[in-house]
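Please read this report with the sequence and the 3D view side by side.

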Amino acid sequence: MAAPLTLLLIVAVTIRAVLFRSSLAELISARVEVVSPLNAWKRVVEGLALLDLGVSPYSGDVFHEVTDGITALALYLSIQTYNKDVFRKQKYALESDRYSADCLELLRSPKEMFYIPLKVAMFYLLNPFTILSCVAKSTCGLNNAIIALFIFCTLKGSALLSGILLALATYQSIYPLTLFAPALLFFLQRLYIPVNLRRSSFWFFTLQYAFMYVGSLVVITGLSFFLLGSWDFIPSVYGFIFSVPDLTPNIGLFWYFFAEMFEHFRLFFSCVFQINVFFYTIPLSIKLKEHPVFLIFMQIAIISIFKSYPTVGDVALYMAFLPAWSHLYRFLRNIFLVSCVLLACSALFPVLWHLWIYAGSANSNFYYAITLLFNFGQILLVADYFYAYLRREHHLTHGLYLKKKDGTEATLVLK
Amino acid sequence: MGLLSDPNRRKALTGLLTRLNTPICIVCYLAGIVWFMGLAFEPFTLRTYMSENAMGSTMVEERFSSGERALSLAKEFDAHKRKAGGMPVEWLVKAMQSRGLEVFTQSFSRKLPFPDENKERYMVRGTNVYGILRAPRAPRTEALVITAPCSPGNTNNQAVALLLALAQYFRNQIYWAKDIIFLVNEHDLIGTQAWLEGYHHTNITGMEYSPLQGRAGSIQAALSLELSSDVITSLDLVLEGLNGQLPNLDLANLFYAFCQKLGVLCTIQGKLQRNDWDTAEGYTHAAQTMMLMVLKQACGRSWGDHGLFLRYHIEAASVRGINSFRHYKTDATTIGRLLEGMVRKLNNLLERLHQSYFFYLLPSLSRFVSIGYYMPAFGLLAVILLLRALDLWVHLGAPALAAVDGVTEAEQPSSPGVLTVLTPVVISHLTGVALYLLPVHLQEMAVEHFPVSETEAVVLTAIAIYTAGLALPHNTQRLLSGEGTEQGWKVLKLTALLYLAVLLGCTALINFSLGFILAVTLVPITASITPHIALYAVVMVLLSPAFTILYCVFIYQELIEAPVSVSEGWMLFLSVISQGILDHALYGSLVYPLLALFIYPCWLMFWNILFWN
């Protein structure tokens, strides 16, 4: 498996290197779909220059290629670990006759699982979204790398490293905060601690993990304070994320609303919009408490849809996980519609941008319509995978061929 | 959302769509064509109206009276032009200075990628002369442009002279709130391009030009004047700009309003307006006018000097004087008054023209079709591609869908490798890249080995690569990916259909006419194609992009009432191709790269299906 992975890495690096040296790089790094005010490389350089550090420590494109490589490698290894885990669990479940008799075809075979880690790495490295993001030198790649490393450490079972990396990710952009729940659930499952509020072992571990997380967060924030000598960075980074003052159009849902509404509703609407990211954590954690890795996927997807300055790099991260759920394919219902929508939107973004900004014949409504459609497609995609996952679990326990009480064939409906 | 989550209703819908797929597609296609043809029918169109408040109700009185003087100036200009053997720069500078303008010149040079045989130029060197009339009443942050091209030979002398006469008259008026720039440009579009790039400090086409010494504010609107005779019978308005971009409809409304007021005959696409919409002739006339607009817009070139202004957010149109054999004549004074009135109304603008439509078709000057009315015609054609794709998708997943969605016994047949689909896609696109790059780069080699001129070499290389592309895929197919399967071509067709749908959709948004014409020719054959049917191969070739261009040439000639024989048509076709390549190199027109890099490869993918084995 090392050979194809190496080949993949070489291909991915070559594509990026070629694009970096072509005239497209400048064009791409100016696209609003690819860079947001939070992750534009221009601003990083600017910030470093302002800090009077002279030349930035990791200038140049090699750094970005390396982060992409690290992300892919971390994802590769995590999915490999996860697959082993899944297979082991499946074996136990089979041995203890927990699965219904007629759902043999739903079981996963080592043969089909063999190439999944490679596919995941490929989906990340060769995804046009990632390539664009990398060529634009967006720091989104760095965020993705940290989240991927966090997933890797979590799946490897290292609570301390996982806590530290989660703190780092949170420090970067706040939203990964919601990944705390799935990570905790994963560790609890791994240590065979039941999720029971009355058990002291549950509380003991939760507090332990929370302490690691909060502790490292405090240390990192403290370090920033000592480096900068003031707390100014808190409002200017996190305030910037929460109150959305920069209304440059992007692929997210915020900019249009915040540009249109009356100023005195701003606080209310930022609360309403921001709550979306955090809101789904609790119900999803309850529903998926047995499947923390799938929950991580759901959370990353929700973050990338509802965050205040999303870019295509964020989308690429959760899309990399799709091959890991390839066994759900048969239960997906709208995959054709979703892929058409996402494909069309990706092509229409630059076209409508051109019509709006350069030709002057269209206006912001056109562009926002596509943004809405793009997000609709993403939500449908995530919802579809969620439904498919639950449905497969249902079939595993209740059998594949469901009958109604009167003996006719039954269908499952998500309502 | 019930449709998306209720499996029974979904099943019913997909069942209906797959069972009735072919009839629905045929109905959609016919409906699309009928809808489009219906757009020219007067009751279905809207009457034009002035949306811009600042131009609508304000009273303007035209007092320009020096038409005769303009005509004598034209003779003087002609004499100096002959003497100088080109643009009489010094005379123009003096003439503008004596009329109280701030005068500047800009020199530019441009080497064409290959000789332009239509206009007989290769190394272009020229000078633009422009004079600025500073606004006495406002802070000079905005400007208007009136331009007249200095053409070789006898043409356009009157336009330059009228420009000078207007400058003299405007100089004495006190109501100007915007700077007015009078521009005389050499080498038509190349000069305009150099001037615009100099004005906006951009360089997108590799032109060499000297920087502008004097500038005015941001340009709000521009009028280009073309006039070659002392009296005219009618004025023609030209709107189509680069890449099919159109100015705001209010500019056309303004022109029409003044033509009505001054009693000047006005045409669009050289066609007068008729009032008998309920007769067959009336409808045909309107349909012809609209078809001409569609063809002109689709070819993506700038049909007058105004076309390049549009790229810079400047609303612009060309006014062209036509002298035919009618009795009713209009003199230069009236044309001067018309321009005076238009400029004065534009001078009243408080913000850029934006109230009215940017996307429209005009069956006549007083009627228009907006985007909301014509887009369904395209939508009906595009939906066919999606329906076919859905049909294929359902068939590909047929075993899985036979049982209740997802629950199935049948083992999924192994899906075709990515390689089988990827190979034709990559090969097609490489052919497209070759078609885009090679003609211009290989011209020297071609000229060495064959007895042809550079221009012919470029065009013939393009045609050769295009034809060679037809032979390429079904030779490489066997070599690279071995035996193709039934599944293989279906997946390829699915990919190609979705690709074509996205491609046409994007094209239609930027340039509706181009998207629609391509959809009309490409959709029927691509939707119905299956491997190994000889008839399809013939139809496929006859409906390929190159043949579409050929048909368009013939239809265009038919519509402007100058029908051509087959050989003349062929020569025109060749010159259209060379012009397309030149337009791309000189002004950045996107039609040639779109056809070479996207449409043609996409068509090749379908061609590949035909020879699937």
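## A covered strand

Strand β5 (residues 179-186) of chain B is mostly covered, with 8 of its 8 residues buried. Buried means under 20% relative accessible area, exposed means over 50%, and partly exposed lies in between (1.4 Å probe, protein chains only). Helices (H or I, at least four residues) and strands (E, at least two) are DSSP runs, numbered from the N terminus. Which residues point which way from β5(B)? Asp179(B), Ile181(B), Leu183(B) and Asn185(B) point one way, while Ile180(B), Phe182(B), Val184(B) and Glu186(B) point the other way. All of them are buried.

This is a predicted model, in which local features need pLDDT of at least 70, side-chain atom pairs count only at pLDDT 80 or more, and totals for chains, interfaces and linings use all residues. Residues are numbered from 1 along each chain as its sequence is written, chains are lettered from A and ligands numbered from 1 in the order in which they are written, and side-chain values use heavy atoms, with hydrogens and water left out.

## The sheet around β5

Strands of a sheet pair through backbone hydrogen bonds, either parallel or antiparallel. Two strands count as paired if DSSP finds at least two bridges between them. In chain B, 9 strands form an open sheet with mixed pairing. Their order is β6-β2-β3-β5-β4-β7-β10-β8-β9. The edges are β6 (208-209) and β9 (266-268) of chain B. Each has a single partner strand, so one side of each is left without a neighbour in the sheet.

How many bridges join β3(B) to β5(B)? There are 5, and the two strands run antiparallel. Here Val129(B) has Val184(B) in β5(B) as its bridge partner. Strand β4 (residues 142-150) of chain B is joined to β5(B) by 8 bridges, and this pair runs parallel. Val184(B) is also the bridge partner of Ala148(B). Further along, strand β2 (residues 102-116) and strand β3 (residues 121-133) of chain B run antiparallel, joined by 11 bridges.

## A three-stranded sheet

Chain B also has an open sheet of 3 strands, in the order β1-β12-β11, with antiparallel pairing. Why is one side of β1 (46-47) and of β11 (360-364) of chain B left without a neighbour in the sheet? Both stand at the edges, each with a single partner strand. β1(B) pairs with strand β12 (residues 367-370) of chain B over 2 bridges, in the antiparallel sense. Arg47(B) has Arg367(B) in β12(B) as its bridge partner.

## Two surface patches

Patches are made of residues with over 30% relative accessible area and no salt bridge; like charges are joined within 9 Å, and nonpolar side chains (Val, Leu, Ile, Met, Phe, Trp, Tyr) within 5 Å. A salt bridge is a side-chain nitrogen of Lys or Arg within 4 Å of a carboxyl oxygen of Asp or Glu. Lys and Arg count as positive and Asp and Glu as negative; His and the chain ends are not counted. The place of a charge is taken as NZ of Lys, CZ of Arg, CG of Asp or CD of Glu. Accessible areas come from the Shrake-Rupley method with a 1.4 Å probe, and for residues only the protein chains shown count as cover.

Glu117(B), Glu120(B), Glu444(B), Glu448(B), Glu454(B) and Glu456(B) form a patch of negative charge on the surface. Helices α15 (443-449) and α16 (454-471) of chain B each give two or more residues to this negative patch. Glu444(B) sits in α15 of chain B. Its relative accessibility is 65%, so Glu444(B) counts as exposed.

On chain A, Leu7(A), Val11(A), Ile15(A), Met122(A) and Leu126(A) make a nonpolar surface patch of about 380 Å². Helix α1 (residues 2-21) of chain A gives the most to the nonpolar patch, with 3 residues. Met122(A) lies in helix α6 (residues 116-125) of chain A. At 36% relative accessibility, Met122(A) is partly exposed. Helix α6(A) itself is mostly covered, with 7 of its 10 residues buried. Among them are Ile116(A), Leu118(A) and Tyr124(A).

## Positive phi angles

Asp188(B) has a phi near 25 degrees, a positive value in a residue other than glycine. Asp188(B) is in helix α8 (residues 188-200) of chain B. Glu561(B) is not a glycine either, and has a positive phi of about 60 degrees. Glu561(B) lies in the loop between α21 (545-559) and α22 (566-587) of chain B.
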